[in-house]
Amino acid sequence: METITIRASSLPELFDCPARWEAKHIRGLRLPKSGAAQLGTAVHAGTALYDQSRLDGSSLTADEAAGAVADAIHRPEEDVDWGEDSQSEAERIGIALHTLYCRDIAPKQQYVAVEATCEALHITDIGLTLTGTTDRITVDAVGDLGIADIKTGKSAVSADGTVSTGRHAAQIAVYELLAGAAIGRPITAPAEIIGLQVAKTDKGRRAGIGVITDACEMLVGDEENPGLLQMAADLLHAGRFYGNPSSQLCNPKFCPAYPACRWRK
Ligand code: SF4
């Protein structure tokens, strides 16, 4: 069977609108990244530098690691359409979120790996190769490994501190598989979503942790109900990339196929 390689981070898009996934990942159509997405990238860069320095023993301060946030905002590696957002405002919010993470989240965490990359996990029976990077691998009090995924956004953490987790479970399940392959040990502890609420004011910004247990059950199927990866493999091998005009991202700002898409009327 032919093997198809897919980045784990693109799986939600494959299920949301297969036609958009095909346009971006097979035909290579691109739009500039949004300012909000680059803000997320910047916060990932700063917090990763901070956590990695703690693993290495060099223990940068939050302020020292914040340079990576500013770099990602002002010297992005991809085209970014900042729209009505200003870069200086994005830098201010990004550094505030980074600082919140370093102060309120990092001290509670025990990490064994930061940005753990799995170059290729071959699942030969369904003809799929997965690649991807897991934000963090955690270790609990009894030595079990888990993963933590950082999500920034305007609805990442509700006012009562709850982190929305449900819609991330499928992706978390795949990251658990990849993290296990990257570190060479199974991932058995519950997964964590570290939510960082994007807001212009200190009061509006929040950080919290939500937990997902048994996400890996989504990967396992039976004869009547294929698991998540089987469904992805079926879609990819059949090449039936239908469109979903009800997708929240069916918008010229987010979909490069929008101008010529036959699925929307
Ligand atoms: S325009 Fe809408 S339906 Fe068409 S590919 Fe893009 S998101 Fe999907």
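Biologist: By class, what residues make up the lining of the largest cavity?

Modeller: In this predicted model, the lining of the largest cavity has nine nonpolar, two polar and two charged residues. Here Ala, Val, Leu, Ile, Met, Phe, Trp, Tyr, Cys and Pro count as nonpolar, Asp, Glu, Lys and Arg as charged, and the others, Gly among them, as polar. A cavity is a set of points on a 1 Å grid over the protein atoms alone where a 1.4 Å probe fits but cannot get out, and lining residues have an atom within 4 Å of a point.

Biologist: Which of the lining residues lie nearest its centre?

Modeller: Of the 13 residues that line the largest cavity, Cys17, Asn244, Cys250, Cys255 and Cys261 lie nearest its centre.

Biologist: And how much space lies in there?

Modeller: The largest cavity holds about 80 Å³ of space, a volume being the space filled by probe spheres set on the grid points, which are joined across faces, edges and corners.

Biologist: What takes up the space of the largest cavity?

Modeller: The ligand does, where a molecule sits in a cavity if more than half of its atoms lie within 2 Å of its grid points. Among the residues around the ligand are Ala19, Arg20, Tyr258, Trp263 and Arg264, each with a heavy atom within 4 Å of it.

Biologist: Changing topic, is helix H2 mostly covered or exposed?

Modeller: Helix H2, residues 18-25, is mostly covered, with six of its eight residues buried, meaning under 20% relative accessible area with a 1.4 Å probe and protein chains only. Helices are DSSP runs of H or I with at least four residues, and strands are E runs of at least two, numbered from the N terminus.

Note on methods:
Residues are numbered from 1 along each chain as its sequence is written. This is a predicted model: local features need pLDDT of at least 70, side-chain atom pairs count only at pLDDT 80 or more; totals for chains, interfaces and linings use all residues. Side-chain values use heavy atoms; hydrogens and water are left out. On a 1 Å grid over the protein atoms alone, a cavity is a set of points where a 1.4 Å probe fits but cannot get out, and a pocket is an open set with protein on both sides within 12 Å along at least five of seven lines; lining residues have an atom within 4 Å of a point. Buried means under 20% relative accessible area, exposed over 50%, partly exposed in between (1.4 Å probe, protein chains only).
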